[in-house]
Amino acid sequence: MTHRSDRTLAAAGLARVEGEGAMYVRVGDGRVEEVRLDIYEPPRFFEAFLAGRSYTEPPDITARICGICPVAYQTSACQAIEEACGVSLPGPLADLRRLLYCGEWISSHALHVYMLHAPDFLGYPGAIELARDHREIVERGLSLRRAANALMEVVGGRSVHPVNVRIGGFYRAPSAADLAPLAGQLRQALDLAVDTVRWVAGFDFPDFTCDHELLALRQPGRYPIERGTLVSSGGLAFPAAEFEQHVIEEQVPHSTALHARLAGRDRSYLTGPLARYTLNSQWLPSAAAAAAREAGLGPGCRNPFQSIVVRAVEIVCAVEEALRLIDGYQEPASSFVAAVPRAATGHGVSEAPRGVLYHRYELDQDGIVRSARIVPPTSQNQAAIAGDLRGFVQDRLDLDDEPLTRACEQAIRNYDPCISCATHFLTVHVDRA
Amino acid sequence: MTAADRSRVVVIGVGNEFRRDDGIGPEVLMRLREHLATGPDAAAETTVRLVCSDGEPASMIEAWTGASLAVVVDAVVADPPSPGRLHRFAIGRDDASGAQAVSSHGLGLRDAIGLAAALGRMPEHLVVHAVEAGDVGHGVGLTPPVLAAAATLTGAVLREVRAALGQSRERPR
């Protein structure tokens, strides 16, 4: 029913392993009165589950939190525990960690771009229907994921929940001969990635700008992936150890997830591809920078719908970085550095495909985890997503409930693959005032 | 079945062991790995691929593309539930587009089958062994009825594999 002034859109999500979500929008007197995004997320369970475990276990355990970005969880966990133990990785091992993370970026972004997000722009209900009409396009996405999975299998031991990661490095470091075959596959992937940018740059994007404060890592000289310090578009700059001083998590009644805000700020903040790109585009490697220019992206991007272009550019970046790291790879003398536990607290951050992922672990002198804190990008972005939905719905109140709900789902898919997956299964109920 | 065909048998265990009964896929995979490494079917270890999956469609398609037989083990949520009850679905290349497989995963097996059919990437034979779950909340360990079903299910999967490898005259129906 069109042009009603009072309406309620409620969408309840189906259980999903990586994340579960629901959306509620209430409109009264022609104005959006309330937008709620309810996310039920697993990290809180894992925080409790980790207490009492050995300091060696969090990388493997937290990798199970998300099937899409296990490397992100492993990396943030390793960095936090290594800091607590007072060790840092030498160059070759740090490079291997970045190389593994590149595989995850390629895989996760290709999944989101091709399977979840692109169908929205092309008028298809999902990837299956897109594949029926454009098989070669979907196959291109699968080829990118194949290259990424090959990379993760060689460096991480397997592509799903890699098993080769340990505190201080890896159980086994690959040889140069192990990595060599990947280079050929990645060179082909680079062409596919550039083609992906050209393809998505041609989509029609709603005119929409967000003004959230943007939060991302910075790794001067490199596009941030596996480590860095935190910076914001509002001038913040702080290390991981100060994360909880700047990012305040609060309980809200409609969600099991904590909502995050930046201390002392009265507007929401956003982490993820738009933030990374806007705060770090000057450090994109050459092919990715060229692809971004050709796509018409400026030095920053604040249209969430164009996040698909940014993700495609980040695929190019990750492939390019992987090739650089393989080309310069020198097998480390040891596959890990020994990390002796001590009573201390460590903090770790990395750029998961969906944004900043923070871990903190408090260890005792025997290496037992006394407490753990995990702040995923999902909970950090909830307020920003809800805020964007409010403005987005307000500008589209002339739409019927069904197309408006579809538009909201598309808007949610701009931010987070886990929520995106859940929204494919939303059922919508309309209550008429 | 030729020697080359034998390398085209894949068993995919879908699930997350930190979501209680959703861990049945990885559990059966672990039992199969132990059996194939040490049991009377040890020779099959080099000819059967065992793949652990989170159920994400693209990964499942990559795992079964080109396979003569793909066996998928997954948990399902049924209403009303009968935890531990086993189901078997056989889906051929020609009837994949009409298949209505079920999965506890939001974007999972049904999507993988539909996408594979659209891309012409279905295995020659796809068999799904599903176990009704009693609890897929956060936590580790299978509930007693699902744990009890694990041994039966492992045996059923082994029979599928043996049949495909020509060690049995007949594939289970």
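How many helices and strands does the secondary structure of chain A come to? The count is 14 helices and 15 strands, where helices (H or I, at least four residues) and strands (E, at least two) are DSSP runs numbered from the N terminus. This is a predicted model, so to speak of local features we need pLDDT of at least 70, and side-chain atom pairs count only at pLDDT 80 or more, while totals for chains, interfaces and linings use all residues. Residues are numbered from 1 along each chain as its sequence is written, and chains are lettered from A in the order in which they are written.

Next, select strands S8, S7, S6 and S11 of chain A: they form an open sheet in that order, with mixed pairing (two strands pair if DSSP finds at least two bridges between them). S8 (237-238) and S11 (269-271) of chain A stand at the edges with a single partner strand each, so one side of each has no neighbour in the sheet. Zoom in on S6 (residues 213-218) and S7 (residues 229-232) of chain A, which run antiparallel and are joined by 4 bridges. Arg218(A), for one, has Thr229(A) in S7(A) as its bridge partner.

Now jump to helix H6 (residues 135-156) of chain A and helix H3 (residues 57-64) of chain B. Their axes come within 11 Å and cross at roughly 80 degrees (axes are lines fitted to C-alpha atoms, for helices over the stretch in contact, and angles run from 0 to 180 degrees between N-to-C directions). That makes H6(A) roughly perpendicular to H3(B), a label for angles of 65 to 115 degrees.

Conventions:
Parallel < 35°, antiparallel > 145°, perpendicular 65-115°, else oblique.
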